[in-house]
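Work through the exercises below with the sequence and the model open. Each task is followed by a solution in steps.

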Amino acid sequence: MAKQSLIQLIQKLNDDDNITISKFNNDSKEIFPYQKISELKKIDFTSEIENLKAGGGTDISKAFKLAYDSMTKDNCNKNKIRRIIIITDMEDSLDKELTKFCKKISLEGIFVTIYNIGNIK
């Protein structure tokens, strides 16, 4: 369900919107670097998303930092809506440091959305 939702979201975005997609468990890895949707649609991004597998831990902090670094390293357009979307099973909890980090980046105009898929333990 999460994979199909992500694919549908990408298909509905405008070609001049920008996106970066990363995966995370015990570690974080960028799957698609920060780029325009039009560039992402030139490759078979759906198979890469379909091949994602759950496993390992859930280090949300690393995922947030990777997304933030990717979004800010290229001085992405601050006039556009900037949002970090995390899809997780929530096995890792949001600690105080991560909460502070989310508040800090919100002051920079970067919004955070977290979708919980599965059970919160």
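**Exercise 1.** In which strand is isoleucine 87 found?

Solution. The model is predicted, so local features need pLDDT of at least 70 and side-chain atom pairs count only at pLDDT 80 or more, while totals for chains, interfaces and linings use all residues. Residues are numbered from 1 along each chain as its sequence is written, and side-chain values use heavy atoms, with hydrogens and water left out.
- Step 1. Helices (H or I, at least four residues) and strands (E, at least two) are taken as DSSP runs, numbered from the N terminus.
- Step 2. Isoleucine 87 belongs to strand β3.
- Step 3. The relative accessible area of isoleucine 87 is 34%, so this residue is partly exposed; the classes are buried under 20%, exposed over 50% and partly exposed in between, with a 1.4 Å probe and protein chains only.

**Exercise 2.** State the order of the elements and describe the pairing of β1 with β2.

Solution. 
- Step 1. The protein has five helices and four strands, in the order α-β-β-α-α-α-β-α-β from the N terminus.
- Step 2. Strands β1 (residues 18-24) and β2 (residues 28-36) run antiparallel and are joined by six bridges; pairing requires that DSSP finds at least two bridges between two strands.
- Step 3. Three residues separate the two strands of this hairpin.
- Step 4. Lysine 23 has lysine 29 in β2 as its bridge partner.

**Exercise 3.** How many salt bridges does a search of the whole structure find?

Solution. 
- Step 1. The criterion is a side-chain nitrogen of Lys or Arg within 4 Å of a carboxyl oxygen of Asp or Glu.
- Step 2. The search finds three.
- Step 3. Lysine 41 and aspartate 15 meet at 3.4 Å, N to O. Lysine 41 lies in the loop between α2 (37-40) and α3 (45-50) and aspartate 15 in the loop between α1 (2-12) and β1, so the pair ties together parts that are 26 residues apart in sequence.
- Step 4. Lysine 42 pairs with glutamate 39, with closest N and O atoms 3.1 Å apart. Lysine 42 is exposed at 63% relative accessibility, whereas glutamate 39 is partly exposed at 38%.
- Step 5. Lysine 104 pairs with glutamate 108, with closest N and O atoms 3.0 Å apart. Lysine 104 is partly exposed at 40%, and glutamate 108 is partly exposed at 32%.
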